[in-house]
Amino acid sequence: MGVVSVAEEKVTVSVIKADVGGFPGHSEVHPDLLEACEGVLEDAVDEVIIDYYVTRCGDDIDLIMTHARGEDDEKVHELAWNAFQEATKVAEDLKLYGAGQDLLSDAFSGNVRGLGPGAAEMELVERPSEPIIVFCCDKTEPSAFNLPLFRIFADPNNTAGLVLDPSMHNGFEFEVHDVIDQKKVVLKCPEEMYDLLALIGQTQRYAIKRVYKKGDEDEAERIAAVTSTERLNLIAGEYVGKDDPVAIVRCQSGFPAVGEVLEPFTFPHLVAGWMRGSHNGPLMPVSEEEAHPTRFDGPPRIIALGFQLRNGELVGPQDLFADPAFDRAREIANEVADYIRRHGPFQPHLLSEEELEYTTLPDVLKKLEDRFEDLEE
């Protein structure tokens, strides 16, 4: 693989994902699709990217790439788009379900944002030792990271380093996006913790996009975490699949330890998504091998891949949720799934009317609108 020659040069980690065909249904990605993507990325090593790793979570393909071109680079995004296009051809040939469903345009226009795929990109100055974790989800939405990112970077009950590590004692800054009105705000913790919680607890509207360590350094040195916040339904104007977000988190030496980053996922919190993107369910941490949701097309899944960056090269991955220490979290997730599934088509298992706006519910209401009568006083 290619290597960055100058130690102080900024390296960008780009994680770009898309669902271009499930095998079968919405369960998994056929290995031929992954092979098609690998072929496209391999041809671009040293020309566009330094290194890459191709994986999947459920029916989503996740392209993990490193390069020295910065965020939102047209060549990197076009490379990912071309990889997904090649995978779509394979999916069509295999007659897979939903072939090309996340590709909402016939042509690339300089950036994958707004075209369907989700992207989390982090430009950083590589430290002497640079451990990162890449998280990939299936059957959920970007705000699924709100609770764990808050606990990782603002909750001392989760992250002992906030109390014990002088380099983290001043706290972190959270960039929160309003995904409906397309606005953002930056809030500091611990001093603005309650303001932050007032927003990110409203998961249908607000999602944490980036986290920075406080300080005067360049953003590439302070960046701690980044997520994808694309909402497919808001782009397409109808339900075309859940957003299935990805995230990148830096660890150790001024950032939370690997174990502190993973700890929030011992609690399989409820997230929106699951069957038809219309139900709440527990986020189950699983290994790569077990990232193929089947029960009611779920429950929602998340994988965690640990890498060391070496001059832009990806050393790894380590499959972090393969640890049996997460067996109990998986047991709890199954218990929660049993409980909430018994609600059937009732809330809180079913999402609210606002969240169902892009499903068939509006068609049902339109069909019945002439049959509604005013209540008598």
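1. Phe265 and Phe321 are both buried in this model, which is a predicted one. The two rings form an edge-to-face aromatic pair, with 5.7 Å from centre to centre and 65° between the planes. Phe265 belongs to the loop between H8 and E11, whereas Phe321 belongs to the loop between strand E15 (313-319) and H9, so the pair ties together parts that are 56 residues apart in sequence.

2. Phe321 takes part in a further pair. Its ring and that of Phe326 have centres 4.8 Å apart and planes at 70°, so this pair is edge-to-face. Phe321 has a relative accessible area of 0%, and Phe326, at 6% relative accessibility, also counts as buried. Ring pairs join Phe135, Phe145, Phe265, Phe321 and Phe326 into a cluster. The structure holds nine aromatic pairs.

3. Thr266 deserves a separate remark. This residue is placed in the loop between helix H8 (258-262) and strand E11 (270-273). Its relative accessible area is 31%, so Thr266 is partly exposed. Leaving aside residues up to four places away in sequence, Thr266 touches Phe326 and Ala329. A polar atom of the Thr266 side chain lies 2.8 Å from the backbone oxygen of Glu263. Between the C-alpha atoms of Thr266 and Met193, which are 73 residues apart along the chain, the separation is 23 Å.

4. Helix H9 covers residues 327-341 and has 15 residues. From its first C-alpha to its last, H9 reaches 21 Å, close to the 21 Å expected at 1.5 Å a residue. Ala329, Arg330, Ala333, Ala337 and Ile340 are buried in this helix. These residues cover an arc of only 95° around the axis, and therefore lie on the same side of H9. In general, an α-helix has 3.6 residues a turn, so residues three or four places apart point the same way. The buried residues of H9 pack against E11, strand E12 (279-282) and strand E13 (284-285).

5. The cysteines call for a comment on disulfides. A disulfide is a covalent bond between the sulfur atoms of two cysteines. With a cut-off of 2.5 Å between sulfur atoms, the count comes to zero disulfides. For Cys37, the closest cysteine sulfur is that of Cys136, at 13 Å, which is too far for a bond. Cys137 is likewise in no disulfide, and the nearest cysteine sulfur to it, that of Cys57, is 6.4 Å away. Both residues are shielded from solvent by the accessibility criterion: Cys37 is buried at 0% relative accessibility, and Cys137 is buried with a relative accessible area of 1%.

6. Two cis peptide bonds should be noted. Pro24 lies in the loop between strand E1 (10-18) and helix H1 (31-44). Another joins Gln347 and Pro348, where omega is about 10°. Pro348 is found in the loop between H9 and helix H10 (361-368).

7. Positive phi values also occur at two glutamines. Gln182 has a phi near 55°, a positive value in a residue other than glycine. Gln182 is placed in the loop between strand E6 (172-178) and strand E7 (183-189), and its relative accessible area of 66% makes it exposed. For Gln252, phi is near 70°, again positive in a residue other than glycine. Gln252 lies in the loop between strand E10 (246-250) and H8. Gln252 is partly exposed, with a relative accessible area of 31%.

How values were computed: Residues are numbered from 1 along each chain as its sequence is written. This is a predicted model: local features need pLDDT of at least 70, side-chain atom pairs count only at pLDDT 80 or more; totals for chains, interfaces and linings use all residues. Side-chain values use heavy atoms; hydrogens and water are left out. Buried means under 20% relative accessible area, exposed over 50%, partly exposed in between (1.4 Å probe, protein chains only). Helices (H or I, at least four residues) and strands (E, at least two) are DSSP runs, numbered from the N terminus. Contact means heavy atoms within 4.5 Å. A polar contact is a pair of N or O atoms within 3.5 Å; within protein, one must be able to donate a hydrogen and the other to accept it, and residues adjacent in sequence count only if both atoms are side-chain atoms. The expected span of a helix is 1.5 Å times one less than its number of residues. The arc is that of the directions from the helix axis to the C-beta atoms. Rings of Phe, Tyr and Trp (its six-membered ring) pair if their centres lie within 6.5 Å; planes under 30 degrees apart count as stacked, over 60 as edge-to-face and the rest as tilted.
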